[in-house]
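Please read the following report alongside the sequence and the three-dimensional view. It is written for someone meeting this structure for the first time.

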Amino acid sequence: MNTTATAKPAFDRQGDQSDEARVDAAMRTFVSEFGITAAVHLESCVKCGLCAEACHFYRTTGDPRYTPIHKLEPFRRAYFREASPLAPLVRKLGLVRKPTIGDLEQWQELLYDSCTMCGRCTLVCPMGIDIAELVKEARHGMFVAGLVPERLALMDRAARQWGSPATPGEDLPDILDEVSKQHGVPIPCDLASADILVTAAPAELSEHTRAMAAAAKILNRTGERWTMHQGGFDASNIGFNNGDLELQEKLTRSLVDTAVKIGAKTVLLPECGHAYGAARWEAARWYGRELPVRIIHMTEFLDEMIAAGRIRVEPIGESATFHDPCQIVRRGGLEAAARRVLAALGFTLVELEDHGLTGFCCGGGGGVVSNQRAAPLRARVFEMKRQQVDATGAKRFVTSCGQCRITLETGARIAKWDKPVESLLELVADNLAD
Amino acid sequence: MTLLEFARGPALAFALAVFVIGVLWRLVGVLRLPRRPDLSPAREGAPSALAAAWHANVRAMWPRSAFAPSTHFITLNGYAFHVGLALIFFGYAPHIAFIRRVTGLSWPALPDAVMYVAAAVTIVSLVLAGAIRLTSPVRRTISTADDWITWTITFLPVLTGMALSIEPSARILARERVLYEGPLAVHLLTLELLLVWFPFGKLMHAFFFVFSRGATGMRFSHRGVRV
């Protein structure tokens, strides 16, 4: 059967720019990313190919196109043609080819469908090249060129309009009211003053409302003055994943400005990995100076509350294994915090073969979970994760990122795997001691 | 002017000039690019930037056990030709004599037997590196002309040097005049080719890797992650 004629091209386009304008926009934006850090990374690569061995997409398909450093090829070419110290010579002698529109379209799949920016490749690179960070920077150029998977672009448009891809801010009070009634837990919204601004991931306002209620239950138990607020409520930051810097700044500012407005000292992030990457490590960039608020992840909050004796939990006393969300653990530094919470819950932790810093991604990070084109790739990665989970023999399977949960739940549904993927937050809420 | 006089005189001066100016040009050109400051608060207990950079440089010398065994062969092979080349260049008596003539610096040589082993290991590992690049779909996909030019230009001085190592180094150095002028000139010219190519290709990783590893170490340590 000839599939070539019927196969859908693995790229989408937004806007009506000419091909030339798209290439120019991408190149200009790529060049704007080339500071010293990106440059020393791109200058250091010896093409050893070890990064392939670290990538879940390469490991599960054997397709050399998924070699992480290869995903940066147009970005690399832009550097050597336009920004490297040898750029004039490179251009004059035509030593490095300028990326074409065809290249950018082809690389859309490699930058968006088959990279979760998990950074496992960063750890294996003998030159210490932070490939995940460079992929994120390359996405900035792809976004400006209007070459983003349409599903992500759609979410981007919604978030630009509503402040969230899930719902407009003005609907937040009604949604929270409904969640509150459904789960029997008060959820303060739009208080004029509070100490903690609590934020959500889009899924917590739809299919994962239990997580929202769990957060509320714990927060209420601590006695903290907290609120959610329609001025800034969605921390997932789709701009961070898509490469939309304007949106990333807008969403970041909405959180920080709202916190400042209500006098909050802390912004509490949901169980969402990329929220942590965008807010904890990048918010200050957009604010232009040190933040006036502390930004913490839900896992840190649980860890601190348990350590301080502000909440107590009943031990569950079963075996569990834990999926380390990449942005929270490998790129976020919360490996020990999650394990302390699991220990407090009385779990006997049976680690996955690959865990902690070198744990494999769920396969859905970096927006891949929302990109329906990447479903076959996600399924392959899920199979690898499923085998590792089964090999532990643990009774429970826990994680601390809602996006990972959605990815893993979707994989489980397709693979007809009956192990529930449990939220660390919900486990704490369900086992609060009186 | 004989070919050897050319190789020892103007060609060497030109190659050294290109090497020094080129390396400085590329190094300074990159290091003066702007650095975006990380304004986010560091994780409590994060080490200093310098300590983080140092740790990352040391840590990256050998892959984590989680990446074994698939990464071990490539890593070992890389060490084999890096160490081999260093031993040959800095340990072989005629090379030390050459360096003394150019710079006035010298140090004790390693025994010839060590040199023969180092040369054999270097040649085998370079052949293996080339074979892997040629046969592995991953390496074929990511390789560029730079990789092959660099591989060839690195190999040439080793091969042309082996052609000259047909007698003990003590006997070579004891002679008043060079016996094999042509082959020695070719050997020197291949070294000069390497020096000229150095600033333009991936050999520059010899300078950049410290900064690359250090930058990642600093970024991750800031977040409380020991890469």
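The model is a predicted one. Chain B contains 11 helices and zero strands, and of its 227 residues 29% count as buried. Its C-alpha trace spans about 65 × 40 × 35 Å along the principal axes, and among the contacts in chain B between residues at least 6 apart in sequence, 78% join residues at least 24 apart.

Within chain B, the axes of helix α6 (residues 112-135) and helix α8 (residues 145-164) come within 11 Å and cross at roughly 155°. Because angles over 145 degrees count as roughly antiparallel, α6(B) and α8(B) are therefore described as roughly antiparallel to each other, and their crossing is left-handed. The residues that make this contact are set out below.

| Helix | Residues in the contact |
|---|---|
| α6(B) | B:Ala119, B:Thr122, B:Ile123, B:Leu126, B:Ala129, B:Gly130, B:Arg133 |
| α8(B) | B:Asp147, B:Trp151, B:Thr154, B:Phe155, B:Val158, B:Met162 |

By class, the contact of α6(B) with α8(B) has eight nonpolar, three polar and two charged residues.

The largest nonpolar core has 181 residues, and those touching the most other members are A:Cys51, A:Ile131, A:Ala215, A:Leu269, A:Ala279 and A:Val428. Leaving aside neighbours within four places in sequence, A:Val428 is in contact with A:Ile218, A:Leu302, A:Val313, A:Val341 and A:Leu345.

Methods: Residues are numbered from 1 along each chain as its sequence is written. Chains are lettered from A and ligands numbered from 1 in the order in which they are written. This is a predicted model: local features need pLDDT of at least 70, side-chain atom pairs count only at pLDDT 80 or more; totals for chains, interfaces and linings use all residues. A nonpolar core is a set of buried Ala, Val, Leu, Ile, Met, Phe, Trp, Tyr and Cys residues joined through C-beta atoms within 7 Å. A residue is buried if 20 or more other C-beta atoms lie within 10 Å of its own, exposed if 12 or fewer, and partly exposed in between; C-beta atoms are placed from the backbone. Two residues are in contact if their C-beta atoms, placed from the backbone, lie within 7 Å. Axes are lines fitted to C-alpha atoms, for helices over the stretch in contact, and angles run from 0 to 180 degrees between N-to-C directions. Helices (H or I, at least four residues) and strands (E, at least two) are DSSP runs, numbered from the N terminus. Angles under 35 degrees count as roughly parallel, over 145 as roughly antiparallel, 65 to 115 as roughly perpendicular and the rest as oblique. A crossing is left-handed if the near helix is turned anticlockwise from the far one by less than a right angle, and right-handed if clockwise. Ala, Val, Leu, Ile, Met, Phe, Trp, Tyr, Cys and Pro count as nonpolar, Asp, Glu, Lys and Arg as charged, and the others, Gly among them, as polar.
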